[in-house]
Amino acid sequence: MVGRRSFAYLTVTDRLPRILTKAIDTVHRHKDIFFEEHGQEGVEAEKRAIFLMSKLRNELQTDKPVIPLTDGLPDADQWNKYLERQQARLDTEENPSWFKSSWLYMECYMYRRIYESLQLNPPMCDFDVFSESKIQSFFESQQAIITICTYLQELKEKIEAFKDTQLKAELLLLLQVALWGNRCDLSISAGQENAQKFNPLTSLESLKPFILIDDSEFVWELLVNNKKNKTTETVRTRVDIVLDNSGFELVTDLILADFLITSRLADEIHFHGKSIPWFVSDTTKRDFDWTLKKMQTANHMRMSRSGVVWENNVKKGVWIYHDHPYWTLPHEFCDMSLVAGDLYAELQKSNLIFFKGDLNYRKLTGDRKWSYTVSFDTALRGFQPAPLCSLRTLKADIQVGLKPGQGEQLAVSDPEWMTSGRYAIIQFSNPCQI
């Protein structure tokens with residue numbers, strides 16, 4: 001249940017309606033394009049989609065019961081079964097509703113209903129209501145992207161001569177770049193501008209005190225030991241990255257992936273994105289492909305060079321993109337082995353999985369009110385397909401694995417420490433060490 005004084009309540013009553021309003025406005029502003037491309041059918045589809053999203057906004061703001069999906073897509077049955085299970089947990093008089101259900105469930109449900117509004121109105125099925133915001137965020141972050149691409153290209157020119165100490169230092173630095181890239185989250189800013197406009201490298205040292213848990217040493221040890229213990233060339237080290245935001249954050253993930261391949265700390269990278277537009281700025285296949293294309297055609301040599309290398313990695317099968325529908329279901333990750341056994345089996349092939357951002361952390365830990373000191377392994381509740389590491393800036397009121405008293409001290413010194421994005425974690429779990 002969403003407490004009325006909580007960050008979750010503010011999200012449901014304020015931020016989510018604003019995101020919906022912006023989505024409705026985006027559809028309306030494109031009505032001329034729909035008419036040009038589809039004639040009167042496009043105009044009628046636009047009107048119906050706006051009606052459905054406006055209805056959704058009213059349901060949200062007036063705490064109406066959650067209703068089943070009706071678009072008949074392959075995942076609709078899973079969503080409707082999940083709703084039935086939520087209903088079964090309540091008294092017979094009650095229904096799951098916007099203010100009385102889990103924040104995690106309701107937030108996911110809203111994005112799925114936005115998608116339904118378009119799916120029920122062909123020819124608008126392929127329209128991404130968040131695309132404009134994502135594109136704008138990428139271009140507004142261009143200077144920061146040039147900076148980190150330049151850093152990477154210069155690093156790669158001398159990496160062959162690096163000793164382990166230098167490799168380790170560079171890995172830890174690029175982990176931090178990818179970590180703080182997670183601040184660029186358009187769902188938190190309700191779709192408003194949230195780009196990276198300053199040099200991300202110059203601020204890393206000053207940001208170190210804000211990393212509440214830093215398990216990057218464990219990440220290094222795992223990767224370097226895999227590299228050293230390879231018995232044959234056919235043994236391949238696989239790293240998976242469960243993506244969060246497109247735009248600048250995605251570029252930081254691609255930079256990290258490039259470094260892992262070049263340093264031979266990994267032989268293949270598997271990216272996991274969303275199969276539908278999700279949480280405003282989450283990465284879809286269209287966003288991933290668009291980013292590689294824009295990088296290649298950039299008028300800055302370092303950006304363009306990075307884009308060419310990355311596209312080549314995809315063509316060679318060194319980088320593989322997946323978008324399993326489970327990532328846009330309401331389930332927590334501890335349910336994955338039962339609900340999506342194929343995805344769980346795929347993740348078990350990995351040597352290390354990075355989970356980017358807040359939504360992934362909430363699904364890893366079940367978005368429960370854990371004690372700050374509960375171990376990460378306990379909060380995962382059996383979700384252990386492979387060694388995993390969360391890279392997250394804190395934008396939701398959940399955090400585990402802290403030292404005794406650490407959370408309480410932060411609450412006194414900075415009451416918004418869990419939701420402001422000022423603090424971050426690099427949090428590791430290895431099933432082999434449990």
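Two strands are said to pair if DSSP finds at least two bridges between them. In this predicted model, strand S5 (residues 352-356) and strand S6 run parallel and are joined by four bridges. One of the residues involved is lysine 356, whose bridge partner in S6 is leucine 391. S6 also pairs with strand S7 (residues 424-429), here in the antiparallel sense, over six bridges. Within S7, alanine 424 stands opposite threonine 393.

How much of S6 is buried? Six of the six residues of this strand (residues 388-393) are buried, so S6 is largely enclosed by the rest of the structure. The cover extends to both faces: Leu388, Ser390 and Arg392 are buried on one side, and Cys389, Leu391 and Thr393 are buried on the other. For cysteine 389 the relative accessible area is 0%.

## Asparagine 182

Asparagine 182 belongs to the loop between helix H8 (164-181) and helix H9 (204-207). Is this residue buried or exposed? Its relative accessibility is 0%, and buried means under 20%, so asparagine 182 counts as buried.

The side chain of asparagine 182 makes two of the polar contacts described here. One is with the side chain of aspartate 244, at 2.8 Å. Another is with the side chain of glutamate 249, at 3.2 Å. Leaving aside neighbours within four places in sequence, asparagine 182 is in contact with Asp244, Asn245, Glu249, Gly357, Asp358, Arg392, Thr393 and Lys395.

## Helix H10

Helix H10 covers residues 216-228, which makes 13 residues.

Which residues of H10 are buried? They are Ser216, Val219, Trp220, Leu222, Leu223 and Val224. An α-helix has 3.6 residues a turn, so residues three or four places apart point the same way. Ser216, Val219 and Trp220 are among the buried residues of H10.

## Nonpolar cores

The largest nonpolar core has 75 residues. Val27, Met110, Tyr111, Ile114, Met336, Phe355 and Phe383 have the most contacts inside it. Helix H5 (residues 103-119) supplies the largest share of this core, 11 residues. Apart from this core lies another, of 62 residues, and Ala144, Val224, Val239 and Phe428 are among them. Val224 is also one of the buried residues of H10.

What does methionine 336 touch? Not counting residues up to four places away in sequence, methionine 336 touches Tyr326, Trp327, Gly341, Leu343, Tyr344, Leu347 and Phe383. Phe383 is, like methionine 336, listed with those that have the most contacts inside the largest core.

## Cysteines

How many disulfides does the structure hold? There are zero. Cysteine 108 is in no disulfide, and the nearest cysteine sulfur, that of cysteine 334, is 14 Å away. A disulfide requires the two sulfur atoms to be within 2.5 Å. Cysteine 108 has 0% relative accessibility, so it counts as buried.

## Valine 43

Valine 43 lies in helix H3 (residues 40-61). With a relative accessible area of 16%, valine 43 is buried, because the cut-off is under 20%. Threonine 202 is 159 residues from valine 43 along the chain, and the C-alpha atoms of the two are separated by 49 Å.

Conventions:
Residues numbered from 1 in each chain as written. Predicted model: local features only at pLDDT ≥ 70, side-chain atom pairs only at ≥ 80, totals over all residues. Heavy atoms only, no water. Buried < 20%, exposed > 50% of the residue type's maximum accessible area, 1.4 Å probe, protein only. Helix = DSSP H or I, 4+ residues; strand = E, 2+ residues; numbered from the N terminus. Expected span 1.5 Å × (residues − 1). Polar contact = N/O pair within 3.5 Å; in protein donor to acceptor, adjacent residues only side chain to side chain. Contact = heavy atoms within 4.5 Å. Core = buried A, V, L, I, M, F, W, Y, C linked by side-chain atoms within 4.5 Å.
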